[in-house]
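Below are my notes on the model you sent. They are set out as numbered points, to be read next to the coordinates.

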Amino acid sequence: MLLQERRFDPVTPATMAQYGRSLLEFASREQECELQRIDVSLPGIDLRIRIPDSPLADAARTAFAAGDGLPGASRLEVEVSVLHTGALQAPAPSSWGREPYKPHEISKLLGEAGLQGSLFHDLRFWQFYDLEAHRGVQLMKGPEAFPPWEPGAPLRAFLHWAYAAQGRRMTHAGCLGLDGRGVLLAGAGGAGKSGTVLAGILNGLSSVGDDYVLVDMSQDAVSAHPVYSTLKQDAKGMERLGLDRLLGPRNLNWQGKVQFRASEIGALVPADGLEVAAVLLPRTGSPRTTIRPATRAEALLALAPSAVYQMPGERESGFRFFSRLVARLPVFHLDLGPDPKEVAGTIGAFIAGGSA
């Protein structure tokens, strides 16, 4: 029976796994030549993206960081097909029924069927991932019917599910480093993560990301690795950091920020990642930059809720992961002054001095 002939509209908790299996089956039957293929080498994962020519295809070609950097780790082959109505006879995305969409319960039901998945209701934007076959499918109403954050970090839900199955974690945090060692910068949106990362990059520090990084605790040391190559900053920060002059006029993204690639500002991105020696909790508004002790509870609150909220499924394993992370690392408040050079100098001295 063709997918279009099956009745999944509306989808309910009881039929969501069956709907996901049907979409995965449909995607597997599409001919390779009908979709563009984009291969991305990420830490521990060889990602194959099958996607029609679209704005998301353009984003997928440029948004990922280069490099496979998880030395010694076995590699996982992951394939994700991106489909939209009107291309390749893909079906229209089904709607959700009247029952409440409870992400935690949905994740549990899908997990029992060997899947993970999510729905962005406003756009009927469906994502399903087969945990055993390592294959995913993303179905949209049209080539531009995706959430506004998707181009900046494309397919992040699939990477989250794939890495979580490996015991690693896509983490909502920035990172700065010096000579192979680094610190994670954790906090909710507006805490100052991106501005701090840019201040560091522009003043001699390295970075593996300003918003999402991969954190690995499978070895003796905690390490952070680059997944995406995009950076962003609001207009005020662009002026403060001198990036408006360096990059020139740019369109703003959905957050009202300028988004650009790390290579455009000559960022040093260690392909093999950074050994993470501490977690810093940035906060803006101080007259000068200082670092002072924080509690593990404060660090957990800065890391876990935003990461778990932004990444569908794997909620319990996420809290366990971040609980172990803050138990292994010292944690500090980072009170940020207005001078980017002072910010970078303080963090660099902190890392170099072994305080981190």
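**Notes on the model**

1. Cys-175 stands opposite Gly-209 in strand 9. This is a predicted model. The pairing of strand 7 with strand 9 (residues 206–209) is antiparallel and rests on two bridges.

2. Strand 7 and strand 8 form a hairpin with two residues between them, and Asp-179 in the turn has a positive phi of about 55°.

3. Strand 10 (residues 212–216) runs antiparallel to strand 7 and is joined to it by four bridges. Within strand 10, Leu-214 is the bridge partner of Met-170.

4. Strand 7 covers residues 169–178, and nine of its 10 residues are buried, so the strand is largely enclosed by the rest of the structure.

5. Helix 1 (residues 16–29) passes a length check: at 1.5 Å a residue its 14 residues should span 20 Å, and the end C-alpha atoms are 20 Å apart, which agrees. Its buried residues include Met-16, Tyr-19, Leu-23 and Phe-26. The elements against which the buried residues of helix 1 pack include strand 2 (45–51), strand 3 (76–84) and helix 3 (103–112).

6. The second largest pocket has a volume of about 250 Å³. It is lined by 16 residues, of which Ala-59, Thr-62, Pro-151, Thr-230 and Gln-259 are the closest to its centre. Helix 2 (55–62) and strand 13 (257–261) each give two or more residues to this lining, and helix 2 has the largest share, four residues. By class, the lining has seven nonpolar, five polar and four charged residues.

Note on methods:
Residues numbered from 1 in each chain as written. Predicted model: local features only at pLDDT ≥ 70, side-chain atom pairs only at ≥ 80, totals over all residues. Heavy atoms only, no water. Expected span 1.5 Å × (residues − 1). Buried < 20%, exposed > 50% of the residue type's maximum accessible area, 1.4 Å probe, protein only. Contact = heavy atoms within 4.5 Å. 1 Å grid on protein atoms, 1.4 Å probe; cavity = no way out; pocket = protein on both sides within 12 Å on 5 of 7 lines; lining within 4 Å. Points joined across faces, edges and corners; volume = space filled by probe spheres on them. Nonpolar A, V, L, I, M, F, W, Y, C, P; charged D, E, K, R; others polar. Pairing = 2+ DSSP bridges.
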